[in-house]
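I opened the file to look up strand pairing and ring contacts. My notes are below.

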Amino acid sequence: MKKHVSISSPGRLTLLAALLAGIAAPLMAAESSSTVVISQVYGGGGNSGAKYTNDFIELFNRSSSPVSLAGMSVQYAAAGGTSWTNKTDLNPVTLQPGQYYLIQESSNAAVGVALPTPDQSATIAMAVGSGKVALVSNTTVLSGANPVGGASVLDLVGYGAATGFEGSGPTGTVATSTTSAQRLAQGCTDTDNNATDFATVAVAPRNSGTTPHSCVPSAPPIVATCNAFSTVLGVAGSGSLSAVDADSIVDGVAILSGAPAGITLGTLTPSSAAGQEATVALNVAASTAAGAYPVVVNFTNNVKQETSCKVIVTVQGLAEVTHKIYEIQGAGASSPYPNSVQTTEGVVTAKLSTGFFIQDAIGDNDPTTSDAIYVYTGSVAPTVAINDIVRVTATVQEYTPTGAAASLTELVNPTAIVKQGTSAGITPTNITLPLADFGPYQGMLVRFAQSLTASQVEFLGDRGEISLSSGRLEVTTNRYRVNTPEELALRAANARNLIVLDDGIFVAPPVIPYIGADKTVRAGDSTRDLTGVIDLNTVGGTPTKSLYKLQPTQPVTFSRDNPRPSAPGFVAGNVKVASANVLNFFTTFTNGASVFDAATTQGCSLGSSVAKSNCRGADNLAEFTRQRDKIVNSLKLIDADVVGLMEIQNNGETAVTYLVDQLNAAYGVPTYAVVPKPSFSGTDAIRVAMIYKPSKLTLSGAAITDPDPSNINNRAPMAQTFVVAGNGGKFSLIVNHLKSKGSCPASGDIDLGEGCFTNQRKAQTARLLNNFIPQVQAAAADMDVLLIGDFNAYGMESPITQMTDAGIVNELERFVRPSGLPYSYVFGHSAGYIDHALTTPSMSAQVVGASEFHNNADEPSVIDYNLDGKTEDLYVNNAYRASDHDPVTITLNVAAPAPTFSDVTASFAVTRSGFTMNRVTLKYTGTLTFTNNTGAAIQGPFQVRLDDLSSGVTLDNKSGDNGAAPYITVSNASLAPGEKATITTTFSNPSKGGIGYTTKIFTGKF
């Protein structure tokens, strides 16, 4: 179609057409027929094998309004012809919406059957396989091979090999006398392209008597929701029915059939607006006889539409209780009635998305048996209410969740859940942690009569879970060596001291629970008087383990017992050092773009491979910006003089330089610089790096790494020696990132209590001890070495104790352990430190403080920079949850270099003047001259020491004391042969006795 004109009043248009006839009719017809199309053409009439005796042209009104054909014509031309004299002037009829119009044309012979009653007959002889048919707004004969686009052409169909057509080409060839070219969708399709709007299919003529086909979508239906429900004989009940209509108001309801005496409709609450729900109760009287009733209910709307639905109402006869809940539970680890159908009764204490808990109203007062049980309804949401007394008939089953050490006795496949009444409620049973066995409390309503501490909040966003304990849990090998009696005892104690607070659903919560006003809840925060039911189910973001949980039945609030630290714990000293894991800070993103280039064809290096699949950090620029800002905020808040970085992209100096540029921009002045990397930075996609403040430290030599012929370090360590501005003291820093504990193998270096790959980490720390630390000390000509970084080993695990047993000092144990729990990471519900501060003995003597800055590990990951997989975005542009590791901070008081001087008295001739007394000050003044009497220059500075000074005499203008003798510094850089230097001496001599001393001359500094 080339022209689309809407007509607002077709009846009025028909009247005008009749009145104006002649000159006005063609114009009116052209405008009124804009949505009438040629829906089918057939030129095989009467040919050999023809289905029908006559050719025909079929028209169709695809609009939603009546259209008059008055004044129009259909015209025909041969496939390649230009003559359109074969035409049929249309009758002045009006086509209704969706109505067809059949125009019978010529016949070749008396072959085939007659067409359905045509709406009009004419004599155009049409070719079988190819031709052109036009619908024209007037009766003027067209011209040209392809008149498409003409002002009077309303539709044009070229079929077969026609040279005139709409769009990219004609319809397919009408190959036989039994097929025709038909417009798709029963005439509705019109994209002005014959090639795609038509198909060649079996001929099927339609006339005005054919059932109309509407191209206008039907009005949305009324959608009713009528769920089956049940009641029990003698107890009144009801079920809720509802209906909604997207474009109308549901305002009526009635029962059509199936309702016995006692089943009636309540008062309908009609829709408040189109698209809003109407609701009504289907009530069942207590007197209704037992049975299953298929009640048909009919809803109507304000435009007289209707729909009905069937509600199966079951009135149950009351089954007898076969066993009490505590009898089903039994005193053992599993039920004495497995896989049997039982009827029991209890009070509903809690509802989950897949079922509900019931508890015996009285109980058996036996501490070895649970008084409660879980009723599993699966995908059918439970319809019970809290405090309902229900009688349940179901099958007893032992459910063992993935990785669970115990099973949960529950009722499954319930055949009857019958409300008996309403209870005042169950009184919670008081329990406390630690607790040896939760089994006797399965499903029971309990209250923790104590304060519980959040030990882990990692899976708050994934599962709505917080791990709770009485006091924080510590990783056992953080405190004790593996498999020692102490470690095994702590392992058992931790197992008894854990309950996981859940939120009643088993998917990511749409609203993150338990979050405080500052959009976080931290490990170390606490809650009191926690009330809920004991459940057993999977935990964690990837459910591979199951633990006992508490499904709360009362609101839970947390007290901020572990406030966010506002600053790191540096103490007074002359150098501040920090170790910071930057959580895969990649300037190239996993989508293949980078912060420098939006093209998604870039990649990250991993060994010899370069691919975007090697990238590990932000997925895109939006995530990267959020990540960068948190890391910059964290580093600026730490404000260390030198920072060792882990998990930064191994792309030369690109990522670390970008980070330093952003950090300096946050300071507003150039503050940090990059320590140039050594020649080798490992083969992993991440590396270690260092940044420092040039105003505080200067580099002594270049950074070095371990050449590592054994290839145990794919993340190579990096060492740099620094000189302290001000006193010239020197120390060396080694940044490390040892082999991860993750992706454990099935055999070989498996987990034997310290995580997998322990042997590789031990080989790495052995190489530090035996090769790299000595290499660094030799290069620096200094024994003071500080080792920091992510060692992926807790405080008492063998990679660390291997070092401390060899004399390396663990500074976190030295400074943090005496006053609290040292930790930088939270995993498996427990805290510990895998980020370390280790020193050589000489360096340890200059460490005045060490601590962790707890801005990350205690925070839930749901508040971090990531955008994917979150139901709620709690991100705040601040320094918290910048990584999953806490930074480690170390304060040094690096000693100035030891003085170097030598006695050169024998190289000088010394002369002294007499003394003059100032009668005002009573001071004695003289001079001392020393002359280089050798044949070579002597380098300064010079220290002139006055030994054996007379008793009671004081040198007033001394530069200092060396031992018990005063000295004066002469700052000459050198004295040439024969060159002399003279100093003035001023003495206090209260006794006015003689002033005597022995002169000693030294080069260098005391």
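I am working with a predicted model, where local features need pLDDT of at least 70, side-chain atom pairs count only at pLDDT 80 or more, and totals for chains, interfaces and linings use all residues. Residues are numbered from 1 along each chain as its sequence is written, and side-chain values use heavy atoms, with hydrogens and water left out.

Strand β1. I took strands as DSSP runs of E, at least two residues, numbered from the N terminus. Seven of the seven residues of β1 (residues 36–42) are buried, so the rest of the structure largely encloses this strand. Buried means under 20% relative accessible area, exposed over 50%, partly exposed in between (1.4 Å probe, protein chains only). I count strands as paired if DSSP finds at least two bridges between them. β1 runs antiparallel to β2 (residues 56–61), joined by six bridges. Ile 38 stands opposite Leu 59 there. β1 also pairs antiparallel with β11 (residues 179–183), over two bridges. Val 41 has Ala 181 as its bridge partner in β11.

Aromatic pairs. I paired rings of Phe, Tyr and Trp (its six-membered ring) with centres within 6.5 Å; planes under 30 degrees apart are stacked, over 60 edge-to-face, the rest tilted. The count is 23. Phe 908 and Phe 930 are edge-to-face, because their centres are 5.2 Å apart and their planes at 75°. Phe 908 is buried at 6%, as is Phe 930 at 0%.

Charges over rings. I required NZ of Lys or CZ of Arg within 6 Å of the ring centre and within 35 degrees of the ring normal. Arg 472 lies over Tyr 823, 4.6 Å from the ring centre.

Technical notes. Helices (H or I, at least four residues) and strands (E, at least two) are DSSP runs, numbered from the N terminus.
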